[in-house]
Amino acid sequence: MLYYLYEYLTAHDIHIPGMNLFKYISFRAAMAVLLSLIIALAYGKRIINFLRKKQMGELVRDLGLEGQKQKEGTPTMGGLIIILATIIPVLLFTRITNVYIVLLIISVLWMGAIGFLDDYLKKVKKNKDGLSGQFKVIGQVGLGLIVGITMYFHPDITVKRKYADAGVINRNNVEQNFMPEEKIPVSTLPFTKNNEFDYSGILFWMDDAKAHEWAWIVFIPIVIFIVTAVSNGANITDGIDGLAAGTSVVILLTLAFFAYLSGNIIFADYLNIMFLPHMGETTIFALALVGAVIGFFWYNTYPAQVFMGDTGSLMLGGVIAVLAIILRKELLIPVLCGVFLIELLSVILQVWVFKYRKRKYGLEYAQNNRLFKMSPLHHHFQKEGFHESKIVNRMIILGVMLAIICLITLKTR
């Protein structure tokens, strides 16, 4: 909204000292992250006290983990802090009519609502199972449909690719190094020289025109799968104090950096990557979310004063997935969100191996010979005797290493 105020004042030849700063994405992004951090820190305690007053405390099942029962009664639904601290700066500092910003705001509210409903049923209605798994999946599929259809059909979502011989076309006017805007379903294929992946290529039995016309049949289901997988991965990772928040900050900072580079034609030209028109605004959103999560992390570090609950974890995973998709970086998700992936796979493998051994050797053998002492993986390490703070810190370090690998892909072809 402040950007539109700047445009209005400028159009009417009204000049306020310092107002010109609002035309720069870097300034608005810095203000957004600062404001979101202040909101989370200033109002976080009030929201925690409100949740405690409403008896929104966590009911902890006895899993035999050290220090587990001491967490009984810790307020959950702390994801509300993140949502509040993100939405306000985004509304203030972005061009809110930008299609990417609209998609991201919808993603925050959509996944936040699903998580909130799950937490509400557990804490208020005393339904220990909360929202059934199938309704969560329906919600995730719904968001995936919205994102996939918008990305494929919206006229403002385009890419500009460099000419093959752009290095000799024009170094003084980088615009001329890029082809005209195209409406094509392409993504970035990491670690390859020709690093563009066209989803229409999957329909190899069709001619090029038909393949591009029907590429949505491939693209939209892949988007749905990514949104569902990443949101569930983040949800599973949220099991010990600070783990989901800490790893999410690393991922979001990386995506914010990609957004800034992809939305700036000079950097896109220098790095020889796709230029994504109108993408720069998402840098502001991503950094606002970073500030909100860091502010929440203040209260969520061990020993946690609040848990994010499904309100926060499902929302974070969904938004990270959507950010990666709109940045054409969804094929980097297995690396960038490697911690989420490992946690999710540990659960899947634990269940699969248990069922296999039960069928082959019997129930008693399967129970005494599990793949992990407990899943998700962070609980396995707790059973091994590691303090949860050490697990969280090492997982964050792992996340930083994976983020660096993703950044290296900008030059490794």
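Helices here are DSSP runs of H or I with at least four residues, strands are E runs of at least two, and both are numbered from the N terminus. The model is predicted, so local features need pLDDT of at least 70 and side-chain atom pairs count only at pLDDT 80 or more, while totals for chains, interfaces and linings use all residues. Residues are numbered from 1 along each chain as its sequence is written, and side-chain values use heavy atoms, leaving out hydrogens and water.

Let's start inside. Leaving aside neighbours within four places in sequence, I82 is in contact (heavy atoms within 4.5 Å) with L289, A292, V293, F296, M308, M315 and L316.

Now for the charges. There are ten salt bridges, each a side-chain nitrogen of Lys or Arg within 4 Å of a carboxyl oxygen of Asp or Glu. One of them pairs D118 with K136 at 3.4 Å, N to O. D118 sits in helix α4 (residues 99-123) and K136 in helix α5, so the bridge ties together parts 18 residues apart in sequence. Both D118 and K136 are buried, where buried means under 20% relative accessible area, exposed over 50% and partly exposed in between (1.4 Å probe, protein chains only).

Helix α5 also holds F153, which is partly exposed because its relative accessible area is 48%.
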